[in-house]
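The exercises below are to be worked with the sequence and the model open side by side. Each task is followed by a solution in steps.

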Amino acid sequence: MINLEFIINTISLGSLYAMLALGLVIIYGILRLVNFAYGELIMIGGYTMFLLTGATPLPWLVISFLAVAAAMFTSLFTELVAFRPVREKSLTAMLITSFAVSTLLQNGALLIISPRARAVTLPQLFQTSVMIAGTSVPWRNILTILTCIATLVLLTMLLRYTVLGIALRAAADNFTMTRILGVPANTVISTAFAISGIMAGIVSIFWIGRSASVTPTIGAPPLLVAFVATVIGGMRSLTGAVVGGFVYATIISLLGVFLPPELMEFREAFMFVFVIIILLVRPQGLVRSKTSVERMG
Amino acid sequence: MRLSNRLKPFYTPLLLTAIVLLVAVLTELISMSLLVRIVTVMFVSLILVLGLQLFMGNSGILSFAHIGFMGIGAYTSVLFSMTPAAKTLANPEMYPFLVTLHLPFLPAVLMGALFATFIAAVISFPLMRLSDAAAVITTFALLVISHVVLVHLDRVTNGPRTLFGVDFKTTLWTSVVFAVITIFAVFMFKESRVGLRLRATRDDAYAAASIGINMVVMRWLAFTASAFLAGIGGALWAHFITSFSPYSFYLTETFVILAMLVIGGPYSVSGAVVGTLVVTATREILRAIENYINILQVFPEGFFGFTEVVLAIVLILILVFRPSGIMGSREFTWPPRSRKEDYLGADQAANPNQ
């Protein structure tokens, strides 16, 4: 059962989960905010694709770039309008705000578009497969892997070689100190939200590429995936997010093979029990960040 | 000692009871079946919001697990209160030992609450040392776990399908009696030794630890008590709605209950009451508008989500401009206290990290 097909599928799933987790962690690292509205950015990307494929003759590649842009601008907009004003107040206020933003976007889509699923036209490439070493591999999976590699390379370069990227990494380690040294907080946070939005946008292309439709509630499953992946990998480390994404995908794929079907239904529950255990036993996750997390009790 | 002096510590719950009774009597006098339904659900929500206030307000920790315990309470109580015949009809696959269970309404409600309490007490102790984001993710994880279990435990809950055939037992006055008892219980918890210690850990965990307060135990007691109230709320709700599915106990319900508490003011019992009243009134007006537009058929796809959108915007505005809610950390008292006196307290409660 564990053959080449399984391995490629798992790597593809891992790539998707890694990008998902990165988008969540990049904000958490700086603000300690678990952004519940992250899933809705994927929904925004999906609806952008739906609206544009129906209304414009634009090629698919342009549309997917616009979908990423839409997710990014939504992310920036929510930061500006909702998160920035409550940022100084308390973490709880920020968490509840993100929950409210999530509800707002979800029901906004319900109100403006429709509660029913909308079909998203995908390019032919997403439905075809290629033969690699005797097994048929969907192009979609190969594209996911390639996109993930490209995204990770670009993100690493951004974080290592640009001033903004270095400021971002410094802020993730010690935000207060970074601000004292003269890095403007708003710029750093906006950048983090922009990157988070871009990640959600990219994920939306492939996530919606699997179901070929978009609904107002499509953001919930990827959000849960991102939660689990980030906790496994380590909430404070970007490398951890990537590792967590791949580990989670591997666990899910293996469970799919080895878990009896009647327990398979409870897979999500098992994963979240696992999350709780990790938070209790190894809260820093697999990849420990340089700065330690305060803990009591 | 004069009576008024002896009653003085109870002015807040007495005033809140007066508000509840006033609303109930007015509802009874108007006696419109829709209004009776709305007000009954409101008092059941009030029990849930007060239960959440008991934990969140005193510990300062955001909990998403509350509605999960509501679901556990609802299903457990229903398994006890339904007749074996009704259970076989609603869910032919149900485990035989569950089918034979049968208790009258009030003991069934109690069983629901006790089972929710038991689950909370068993699983929550190790989780109580976590704060901030870790606490939020673990309670969120609890909500997801309880939801997945309720949806897939076919032979107990009838799976994702609706469980029907529950007897209607929760009348307006049942909900009033439970709500009033809950108001007193939550208020007395806040003023009790445990409540006071818990609030100390909320305001400054280190200072509290230095005078020998065991934060984990205090939080655990509050979490367990809060699950008890969630169980009661769920059980009463189930015997009002009479047919429901596990989807009633997930994120939508969580959002509403959380909005009620945060808009009213999570740091005071009065805030929980005010929030429940204000949000219920707002929601019902918005829902009426939504229904009206749907009847007019202005939009071909229907007009859904308007209520939630407005509620979410209101919640965000409250968090931006008045983060400790309408009441702050103030309670209703008599004679009314000046606002200035307590304002500092409200600020600190809203931001214990400062």
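Predicted model: local features only at pLDDT ≥ 70, side-chain atom pairs only at ≥ 80, totals over all residues.

**Exercise 1: burial and overall dimensions**

Residues are numbered from 1 along each chain as its sequence is written, while chains are lettered from A and ligands numbered from 1 in the order in which they are written.

Step 1. In chain A, 49% of the 297 residues are buried.

Step 2. Chain A contains 12 helices and four strands, and chain B contains 17 helices and zero strands. Helices (H or I, at least four residues) and strands (E, at least two) are DSSP runs, numbered from the N terminus.

Step 3. The radius of gyration is taken over C-alpha atoms, and the globule rule is 2.2 Å times the number of residues to the power 0.38. For the 297 residues of chain A the rule gives a value near 19 Å, and the chain has 19 Å, which agrees. For the 354 residues of chain B the rule gives a value near 20 Å; the chain has 21 Å, which agrees.

Step 4. Along the principal axes, the C-alpha atoms of chain A fill a box of roughly 55 × 45 × 40 Å, and those of chain B span about 60 × 50 × 50 Å.

**Exercise 2: one helix of chain A**

Task: check the length of helix α9 (residues 220-233) of chain A and find what covers this helix.

Step 1. The expected span is 1.5 Å times one less than the number of residues. For the 14 residues of α9(A) this comes to 20 Å, and the end C-alpha atoms are 20 Å apart, which agrees.

Step 2. Of these 14 residues, 12 are buried, among them Phe227(A) and Val231(A).

Step 3. The cover over the buried residues includes α1 (4-31), α2 (38-55), α8 (185-211), α10 (238-258) and α12 (267-281) of chain A, and also α8 (132-152) of chain B.

Step 4. Just after α9(A), Gly234(A) has a positive phi of about 120°.

**Exercise 3: the core and the contact between chains**

Task: which residues touch the most other members of the largest nonpolar core, and what does each chain give to the contact?

Step 1. A nonpolar core is a set of buried Ala, Val, Leu, Ile, Met, Phe, Trp, Tyr and Cys residues joined through C-beta atoms within 7 Å. The largest has 204 residues, and Val275(A) and Ile137(B) touch the most other members. Helix α13 (residues 215-241) of chain B gives the most to this core, with 17 residues.

Step 2. Leaving out residues up to four places away in sequence, Ile137(B) touches Val34(A), Phe227(A), Val231(A), Val275(A) and Leu279(A). Contact here means C-beta atoms, placed from the backbone, within 7 Å.

Step 3. The contact takes 41 residues from chain A and 40 residues from chain B. On the side of chain A, α4(A) gives the most, with 14 residues.

Technical notes
Buried ≥ 20, exposed ≤ 12 C-beta atoms within 10 Å, placed from the backbone. Contact = placed C-beta atoms within 7 Å.
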